[in-house]
Amino acid sequence: APAVADMSRNEKFLLLLILLAALFIRLPHITDEFIRPHEAENAIYGLAARNHLRYGPVVTGLANCLSTGESVPKAPDRYLNHPGTLSLLLAASFAFLGESPAYTRLVPLMFCLMGLVIFHAAVRRRYDARTAFTALTAAAFAPSWIYFGKLATHPPFVVPFVLLLADRFGSAAVDEADPARRHREAILLGFLSFAACSIDFGGAFIVPALLIAYGPGRRLIPVVLGAALAFSLFAAQGLWLGGPDAILSLFHKGVMRAGSDSTFGVLDFIRVQAIDRFAWSAFTPVGALVATAGIFHAGRTVTERTRFLLAILLWGAGYILAFSEAAMVHDYWQYFLIPSAALLFAIMLSHRSRFTAAVLLILFLDQSLRIVERRYYSDIGWYDREFAAIAWAREHGKVSDEIWTKDAMRTWHPAYYADRKFSHHPELTDSYSLPIGPPR
């Protein structure tokens, strides 16, 4: 199939039209404060990005530093559960554009659009134009990609690199006879694997997905090496900044996120993830039904098409299955499932008449916009406790004063907005207080 550069003028115009529509559908509320579901991610990584710029890389160690105040902290409060790449990307945006809610959301939005372009190119390389544009539309207007596509969390940043890696991995298989091309592809595959894994652990699940979909082979070596290098550097950074305790803490956190202490059963997990999260929030009921039906039309013979689809499907489901507790707490990990769901959706519609396909696509778009408004935009009470503490802090004490709170702060909103340290003191009689006596 032709590459994007070889598309007809009409195809290029349609691609541009869909991307512009995808951009504009994400602009509402882009300047709002971080008051909606899961926007604690914007607060924590926005704070870390701010600190990269005001404290410098020596203090932050290129990790997520969550200290507050203008003075350089003697003992930086570092968050070492995830790499610092995401906050560094936000810091780069802040350095050029300034810090604001809009610019915090603009960076993941740009990566979301980049993922859409790469996804369309990968599908177009393997299918016809109709399937590619249907898949692009389904991904662009899936509720989870509309809302979480402008959230400063890891999935929007990981997806473009994983999709390009899966695309190039399958394409490279065709060019084994060209040594020069093979070497260039190996470098590219290694870089893409390194980039995806440097953003978050979710990128690493593409390695076993490619192994299962394509089988073992030398093409997989640079992918493994890229992931290994990313994790080695992250582990070395953790040892340097936090010592062995940081590695042990990360290990225990991973075990907990895998569901070792979970109280939900297998059936509860399937119901929540497949119905409550995927069908009713991430991809719409009609989208979920059509995509499920698309499995029966995906092809029974092993081809590059089926291998690519299997790879992105296994990758998307891998993180959710491996870290089930994280998936139950944070529904933005459903973001990883959308590329494979959108492709299955498009495959199914390609086997229907144009009229039927158009009706189903319109129903999908209608349900999607309703879900985004009801499930995400209208739900603005998530952080009332934190914003009440922020309001009190702004009216009391000096900017260097610590704030004591009777109820624990659940997110980093107070530190981000008030730029002050908040600590939990359940013995207080009032909701908030300036420090009383020596610090605990």
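Me: How far away is the nearest side chain of opposite charge to arginine 26, and which residue is it?

Reply: Side chains of opposite charge can pair when their charged atoms come close. Arginine 26 is buried yet has no salt bridge, and the nearest side chain of opposite charge, glutamate 39, is 13 Å away. Here buried means under 20% relative accessible area, exposed over 50% and partly exposed in between, with a 1.4 Å probe and protein chains only; a salt bridge needs a side-chain nitrogen of Lys or Arg within 4 Å of a carboxyl oxygen of Asp or Glu. Lys and Arg count as positive and Asp and Glu as negative, while His and the chain ends are not counted.

This is a predicted model, in which local features need pLDDT of at least 70 and side-chain atom pairs count only at pLDDT 80 or more, whereas totals for chains, interfaces and linings use all residues. Residues are numbered from 1 along each chain as its sequence is written, and side-chain values use heavy atoms, with hydrogens and water left out.

Me: Where in the chain is arginine 26 found, and which residues is it in contact with, leaving aside its neighbours within four places in sequence?

Reply: Arginine 26 is found in the loop between α1 (9–25) and α2 (40–55), where helices (H or I, at least four residues) and strands (E, at least two) are DSSP runs numbered from the N terminus. Beyond those sequence neighbours, arginine 26 is in contact (heavy atoms within 4.5 Å) with Leu109, Cys112, Ala139, Ala140, Trp145, Ile146 and Lys150.

Me: How many salt bridges does the count come to, and which residue forms one with aspartate 419?

Reply: The count comes to 18 salt bridges. Aspartate 419 forms one with arginine 50, with the closest N and O atoms 3.7 Å apart; aspartate 419 lies in the loop between α20 (413–418) and β4 (422–424) and arginine 50 in helix α2, so the pair ties together parts that are 369 residues apart in sequence. Aspartate 419 is buried at a relative accessible area of 16%, and arginine 50 is buried at 15%. A network of salt bridges links Arg50, Arg54, Glu70, Glu99 and Asp419.

Me: Are arginine 410 and glutamate 386, which form another salt bridge, buried or exposed?

Reply: Arginine 410 is partly exposed, with a relative accessible area of 48%, whereas glutamate 386 is buried, with a value of 0%. In their salt bridge the closest N and O atoms are 2.7 Å apart, and the pair links distant parts of the chain, arginine 410 being in the loop between β3 (403–405) and α20 and glutamate 386 in helix α19 (residues 384–395), 24 residues apart.

Me: How many cavities of 30 Å³ or more does a search of the whole structure find, and which residues line the largest?

Reply: Rolling a probe the size of a water molecule over the atoms shows where empty space is left. On a 1 Å grid over the protein atoms alone, a cavity is a set of points where a 1.4 Å probe fits but cannot get out, and lining residues have an atom within 4 Å of a point; points are joined across faces, edges and corners, and a volume is the space filled by probe spheres set on them. The search finds two cavities of 30 Å³ or more. The largest, of about 70 Å³, is lined by His29, Arg36, Glu39, Arg105, Tyr147, Lys150, Leu151 and Tyr377.

Me: Which residues line the second largest cavity?

Reply: About 50 Å³ of space lies in this second cavity, and its lining consists of Leu80, Phe234, Gln237, Gly238, Ala246, Ile247 and Leu250. The elements giving two or more residues to that lining are α11 (220–242) and α12 (244–257).

How values were computed:
1 Å grid on protein atoms, 1.4 Å probe; cavity = no way out; pocket = protein on both sides within 12 Å on 5 of 7 lines; lining within 4 Å.
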